[in-house]
Amino acid sequence: MTDRCGTIWIAIEGENAKMIYDIIVNSHTYKEYPDSLKLDYKEGLLLIMENWWCCSPFADCVIPFLLGDDYYYMQHDDLDDEWETNDHERKYFTIPTYDEP
Amino acid sequence: MIDWSKITDTSKYVVDGDDAKRVYDILQMSYFGKNKKLPTSLLPDTSKYNYKLEYKYEDGVLYIEERVSGCSGGFIINELLFFLVPHDSIYILSERCNDGVPWSYSIKDDEGKYFVRPPKTEYELQQEAEARRFEEDTTDLPF
């Protein structure tokens with residue numbers, strides 16, 4: 001067993017945003033566990049937040065299978081206090097920086 | 001020591017009922033459906049690993065076969081299906097081979113609606129015999 005957990009934020013743009021929003025809201029998982037993913041959909045942009053524990057099948061598997069690499073994400077791993085993002089141009093996400101104590 | 005490059009997993013899935021067409025449409029619209037390959041984030045090195053996915057929709061039933069070798073991209077369809085549809089809409093027969101020889105099977109179709117589990121393999125029989133021996137040994141312990 002692992003205590004690894006964290007949070008991932010995903011941003012999806014354009015036509016993909018509506019497609020993924022429809023897939024999620026009609027999915028079995030979202031209907032049964034509506035708190036598992038937090039969604040914010042405005043025309044042309046879907047923002048998703050997932051709190052994961054142990055592993056994240058949605059962010060690690062479902063989204064890449066559906067979209068390839070065509071999305072932005074920022075992830076925090078609580079155990080190691082590590083951040084990761086593929087949004088290097090900071091379109092949606094910027095990895096937080098902390099002041100030295 | 002297991003040589004994982006020689007391990008192959010083949011899983012056959014069936015989705016029926018109202019969910020079959022919805023899942024088929026999602027597969028068709030997906031990155032995989034459009035490109036017939038996994039993105040590099042899921043399968044970084046196609047020269048080392050092998051992943052094959054085939055599916056067809058026929059008479060209201062969706063048939064899927066996923067073949068994974070060398071522990072590549074494993075069980076992606078499993079994660080996708082269980083995210084999309086209820087547990088009881090999915091039927092599965094999985095075969096694990098070691099160097100081409102069937103090693104073990106697992107099934108999620110107890111009524112045999114779409115799949116019948118093949119007879120137990122030599123490996124499975126050996127595992128069962130070992131488990132029985134272990135149980136007998138531990139029941140003889142004096143505490």
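Which residues does A:Phe65 touch, leaving aside those up to four places away in sequence? I opened the predicted model with this in mind. I found that A:Phe65 touches B:Ser30, B:Tyr31, B:Phe32, B:Leu42, B:Ile76 and B:Leu80.

**Entry 1: the helix that carries A:Phe65**

I looked next at α3(A), which covers residues 57–67. This helix is mostly covered, with 8 of its 11 residues buried. I listed the buried positions as A:Phe58, A:Ala59, A:Cys61, A:Val62, A:Ile63, A:Pro64, A:Phe65 and A:Leu66. Helix α3(A) lies across β1, β2, β3 and β4 of chain A and runs at about 15° to β1(A). Just after the helix, I noted a positive phi of about 70° at A:Gly68.

**Entry 2: the nonpolar core**

I then looked up the largest nonpolar core, which has 38 residues. The residues with the most contacts inside it are A:Ile10, A:Phe65, B:Val15, B:Val23, B:Leu80 and B:Leu81. Helix α3(A) gives the largest share of this core, 7 residues.

**Entry 3: the contact between the chains**

I recorded 15 residues of chain B in contact with 15 residues of chain A. On the side of chain B that touches chain A, the elements giving two or more residues are α1 (19–29), α2 (31–35) and α3 (76–84) of chain B. The largest share of that side, 5 residues, comes from α3(B). By residue class, I found 12 nonpolar, 2 polar and 1 charged on this side of chain B.

**Entry 4: chain A as a whole**

I noted 3 helices and 5 strands in chain A, and along the sequence they follow the pattern β-α-α-β-β-α-β-β. The C-alpha trace of chain A spans about 45 × 35 × 20 Å along its principal axes. Of the 101 residues, 24% count as buried. Among the contacts in chain A with a separation of 6 or more, 56% join residues 24 or more positions apart.

**Entry 5: the sheet of chain A**

I traced an open sheet of 5 strands in the order β2-β3-β1-β4-β5, with antiparallel pairing. Strands β2 (37–42) and β5 (82–85) stand at the edges with a single partner strand each, so one side of each has no neighbour in the sheet. The twist from one strand to the next averages 10°.

I went through the pairings in turn. Strand β1 (residues 5–13) pairs with β3 (residues 45–53) in the antiparallel sense over 9 bridges, and A:Trp9 has A:Met49 in β3(A) as its bridge partner. Helix α1 (residues 14–25) of chain A packs on the sheet and touches β1, β2 and β3, its direction making about 130° with that of β1(A).

Strands β1(A) and β4(A) run antiparallel and are joined by 6 bridges. Here A:Ile10, one of the core residues listed in Entry 2, stands opposite A:Tyr73 in β4(A).

Strands β4(A) and β5(A) pair in the antiparallel sense over 4 bridges. I found A:Glu82 of β5(A) as the bridge partner of A:Asp77. How many residues lie between the strands in the hairpin of β4(A) and β5(A)? I counted 4 residues there, and A:Asp81 takes a positive phi near 50° in this hairpin.

Notes:
Residues numbered from 1 in each chain as written. Chains lettered and ligands numbered in written order. Predicted model: local features only at pLDDT ≥ 70, side-chain atom pairs only at ≥ 80, totals over all residues. Contact = placed C-beta atoms within 7 Å. Nonpolar A, V, L, I, M, F, W, Y, C, P; charged D, E, K, R; others polar. Buried ≥ 20, exposed ≤ 12 C-beta atoms within 10 Å, placed from the backbone. Pairing = 2+ DSSP bridges. Axes fitted to C-alpha atoms, helices over the stretch in contact; angles between N-to-C directions. Core = buried A, V, L, I, M, F, W, Y, C linked by C-beta atoms within 7 Å.
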